[in-house]
Amino acid sequence: MHSPELETLMKALARLPGVGARSARRIALHLLRAPDRNLAPLMTALTRAAETIRTCNVCGNLDSQNPCAICADPRRADGTVCVVADVNDLWAFERAGMHRGQYHVLGGLLSALSGVGPDELRVAELLGRLGENIREIILALPPTVDGQTTAHVVQERVHHDFPNVTMTSLAVGVPIGGALEYLDEGTLRLAMHARR
């Protein structure tokens, strides 16, 4: 039997993505074995993050400044906006260093099963940005049913109001080092149609 405080800590940890009840117990034990070395710095970092990290009003990124460092950088205003589903995707592009323009985080994907429609995503905010000399929108959404449905809705809305904005999508197909025999039919079909 655990104390109520320990139970509360473990339940809070178990709500984190990828952390189950067993992992939450291990993490709690690790933190509490040396609270000065493990728990105190974590508490300080969490408190500081809660006080300073905000959602960027322009793109939806998380940063301690608003607008975020990417939106505030005049060198990034090259006329391209990479549209991603979530902040994790934006951070992945930044780690790769492949996009030097701006971003727009939709905040998820359309999903009829989850009740997520266009009004729950940041599509209107994207349309509001298109008067800012934006020439190209790169749709960097996953090649899933929800991702493709979201891309289709964004394309329709952009083309309706801003027909001169170019819309592109990420290439999809055979991954480097991938064996053809292990790929699904949809991936192979897309790879064949997008061949160059």
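Mentor: Apart from neighbours within four places in sequence, Arg129 is in contact with Val58, Cys59, Val81, Gln102, Tyr103, His104 and Ile134, and please keep in mind throughout that this is a predicted model. Arg129 itself belongs to helix α6, which covers residues 123–129. Its relative accessibility is 3%, and because buried means under 20%, Arg129 counts as buried.

With a relative accessible area of 44%, Thr55 is partly exposed. Leaving out neighbours within four places in sequence, Thr55 is in contact with Gly60, Asn61, Leu62 and Asn66, while Pro67, 12 residues away in sequence, lies 8.5 Å from Thr55, C-alpha to C-alpha.

We can also read a pair of helices, for two packed helices are described by the angle between their axes and the distance between the axes. Helix α2 (residues 21–33) packs with helix α3 (residues 35–52) at an angle of about 115°, and their axes are 5 Å apart, which means that α2 is roughly perpendicular to α3. Where they meet, α2 brings His30, Leu31, Leu32 and Arg33, and α3 brings Pro35, Asn38, Leu39 and Leu42; the residues of this contact divide into 5 nonpolar, 2 polar and 1 charged.

Terms used:
Residues numbered from 1 in each chain as written. Predicted model: local features only at pLDDT ≥ 70, side-chain atom pairs only at ≥ 80, totals over all residues. Heavy atoms only, no water. Helix = DSSP H or I, 4+ residues; strand = E, 2+ residues; numbered from the N terminus. Buried < 20%, exposed > 50% of the residue type's maximum accessible area, 1.4 Å probe, protein only. Contact = heavy atoms within 4.5 Å. Axes fitted to C-alpha atoms, helices over the stretch in contact; angles between N-to-C directions. Parallel < 35°, antiparallel > 145°, perpendicular 65-115°, else oblique. Nonpolar A, V, L, I, M, F, W, Y, C, P; charged D, E, K, R; others polar.
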